[in-house]
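Hi,

Here is the structure I promised to send over.

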Amino acid sequence: MKTAVAVVSMALRALGAGAVVCLISWSLVECAPGGPAERAAVTSGALAPGDLQTSATVRAELIAEVAREFDLHESPILRVPKRGLRAIQFDFGRSWRDGQSVSGRIVSKAGLTTLVLSVAALAIAFLVAGFVAPRSARRPRSLGSQGATFASAAVLSLPIPWIAMLALDVFAYGHPLSIAPKGGMDSLVHSLLPIVVLTVAPTAVFWRHLRQEIRDAADAQWVVAARARGVDEARLWNRHLLKLALPTIFALVPVMLAYLLAASVVVERVFAIDGLGSMIASAAQDGDAPILIAFASLSAMLISATTQGMSLLSGVVDPRREVLS
């Protein structure tokens, strides 16, 4: 019963987060100079940007026609709340550029590709950090631990486009170590390089926080008592201390997921992957507000659900922690 209530609460919070983001975004669009109807007319090609030759009457007629086509003719006081309510139903209207359903374009093969890349990178980063952190925390002065510290700091200081371009130059342009084609993602093997690029930064963040948390927990009195009772040292570090520190990583998962959703847009462009990256970049260039707002709203829903899920998982791993409702 509690599990069902938690799932329903998670879904409602996620839908609410998406609706709020949608409302705020459309409110900003309404406040921008020119109004949404005029910008929709420019994006759709019905009105040329900076056109000074068309008479005011013709311009007004074109803008009014576009407003009726994209449901922008009502008062903003009524229009904006309706957009928020439709977001809960996953209805984000139609693209100003081509008139296609925004929900259908976001929740498609392209959207699934972006989600797979982000989730796969997040899972790999979590597993790698969970494997390496206890060992490096146990021997913080070792050469391997010191090298990992330097490497993680270097990785976090490098921009993701540079890492993607470097990986593409080294591994995908006919090099003997090539593990991916020049562009595109037609199979699981082809997705390996983009996933590795996305995994680098989250792995460094997870590892640094998890190692520090394990080191802090290692000074507790129960650890001394466990050693006195003859608990194996490797088991103590790799299981008990790791389990105690895992909720710290759970709290970082939603933040890293938000980072990966944004970074995947850049990585997909570099690797010529047919995901949301090219769609979002084109929408930003064209001023296609419905697509950008839909992406932001669905990202908010996903991150909100992940936050609630990680909070519940923290309570399962460590029952002593208070689960935020």
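Start with α9, where a kink of about 35° lies at T199, shortly before the proline P202. The bend at a residue is the angle between axes fitted to the seven residues ending there and the seven starting there. Helices here are DSSP runs (H or I, at least four residues), numbered from the N terminus. With its 26 residues, α9 still reaches 35 Å from first C-alpha to last, close to the 38 Å expected at 1.5 Å a residue (1.5 Å times one less than the number of residues).

Before you read on: this is a predicted model, so local features need pLDDT of at least 70 and side-chain atom pairs count only at pLDDT 80 or more, while totals for chains, interfaces and linings use all residues. Numbering runs from 1 along each chain as its sequence is written, and side-chain values use heavy atoms, with hydrogens and water left out.

Now the rings. Searching the whole structure gives three aromatic pairs (Phe, Tyr or Trp rings, the six-membered one for Trp, with centres within 6.5 Å; planes under 30 degrees apart are stacked, over 60 edge-to-face, the rest tilted). In one of them, F126 and F206 have ring centres 6.3 Å apart and planes at 80°, so they sit edge-to-face. F126 is in α6 (residues 109–138) and F206 in α9 (residues 192–217), so the pair ties together parts 80 residues apart in sequence. Ring pairs link F126, F206 and F250 into a cluster.

Finally, the charged end of R83 sits over the ring of W26, 4.4 Å from its centre (Lys NZ or Arg CZ within 6 Å of the ring centre and within 35 degrees of the ring normal).

Cheers

Note on methods
Helix = DSSP H or I, 4+ residues; strand = E, 2+ residues; numbered from the N terminus.
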